[in-house]
Amino acid sequence: MSDPYQEIVNGQTVLRLPLRPRHEQICARLHQRVARIVSSLATTHLLPVRTGIELSKENIFCPDLALVTAASDKLWLVAEVISSDDHHADTVEKKAIYGEMKLPRLWIVDPRYDNVEIYQGTPYGLSLKKILSGRDLLTESLLPGFQYAVHELFAGDPAAEPARYDF
């Protein structure tokens with residue numbers, strides 16, 4: 001398990017509980033796959049896991065995965081891996097704030113259902129484009145060559161090893 005950490009969401013300090021092994025495994029897999037592609041791009045940087053990002057004085061988030069532009073350090077893609085212990089902050093509050101700030105891309109990676117929700121920014125906020133599961137491929141047009149089969153991201157059998165895969 002990881003250490004607890006804090007975020008500020010709508011001016012309120014939110015204590016995030018230690019993350020369980022399955023959460024961390026999924027997060028590590030996603031980082032490794034994205035890092036392979038980003039290493040060859042001059043336009044994008046991958047921030048370390050849960051780097052604190054000040055979006056405003058009222059909102060300081062620590063996303064599981066964050067990509068910024070090389071030229072301006074502008075946040076353009078965030079992936080939040082959901083934790084069953086405190087998913088409300090990620091699935092409701094932070095998603096709304098990402099929409100208000102016109103984040104171009106948001107991935108909600110949900111180990112509870114082994115799926116990935118793909119959102120794209122619009123002039124009116126975030127729009128759900130698709131929900132991926134099973135053998136669907138997670139891709140991103142702004143990351144040429146990136147693809148990840150969703151079943152590989154969530155590999156393992158939570159029922160067979162509940163303590164190991166508890167998220």
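This is a predicted model: local features need pLDDT of at least 70, side-chain atom pairs count only at pLDDT 80 or more; totals for chains, interfaces and linings use all residues.

Residues are numbered from 1 along each chain as its sequence is written, and side-chain values use heavy atoms, leaving out hydrogens and water.

**Exercise 1.** Work out what span helix H1 should have.

Solution. Helices are DSSP runs of H or I with at least four residues, numbered from the N terminus. Take 1.5 Å times one less than the number of residues. H1 covers residues 21–38, so its 18 residues should span 26 Å. Now check: the end C-alpha atoms lie 25 Å apart, which agrees.

**Exercise 2.** Find the partner of Arg-16 in a salt bridge, then decide whether Arg-16 is buried or exposed.

Solution. A salt bridge puts a side-chain nitrogen of Lys or Arg within 4 Å of a carboxyl oxygen of Asp or Glu. The partner is Glu-7, with the closest N and O atoms 2.6 Å apart. Next, accessibility: buried means under 20% relative accessible area, exposed over 50%, partly exposed in between (1.4 Å probe, protein chains only). Arg-16 has 3%, so it counts as buried.

**Exercise 3.** Which residue pairs with Glu-152 in a salt bridge?

Solution. Glu-152 pairs with Arg-33, the closest N and O atoms being 3.6 Å apart. Glu-152 sits in helix H3 (residues 150–153) and Arg-33 in helix H1, 119 residues apart, so to speak distant parts of the chain.

How values were computed: Helices (H or I, at least four residues) and strands (E, at least two) are DSSP runs, numbered from the N terminus.
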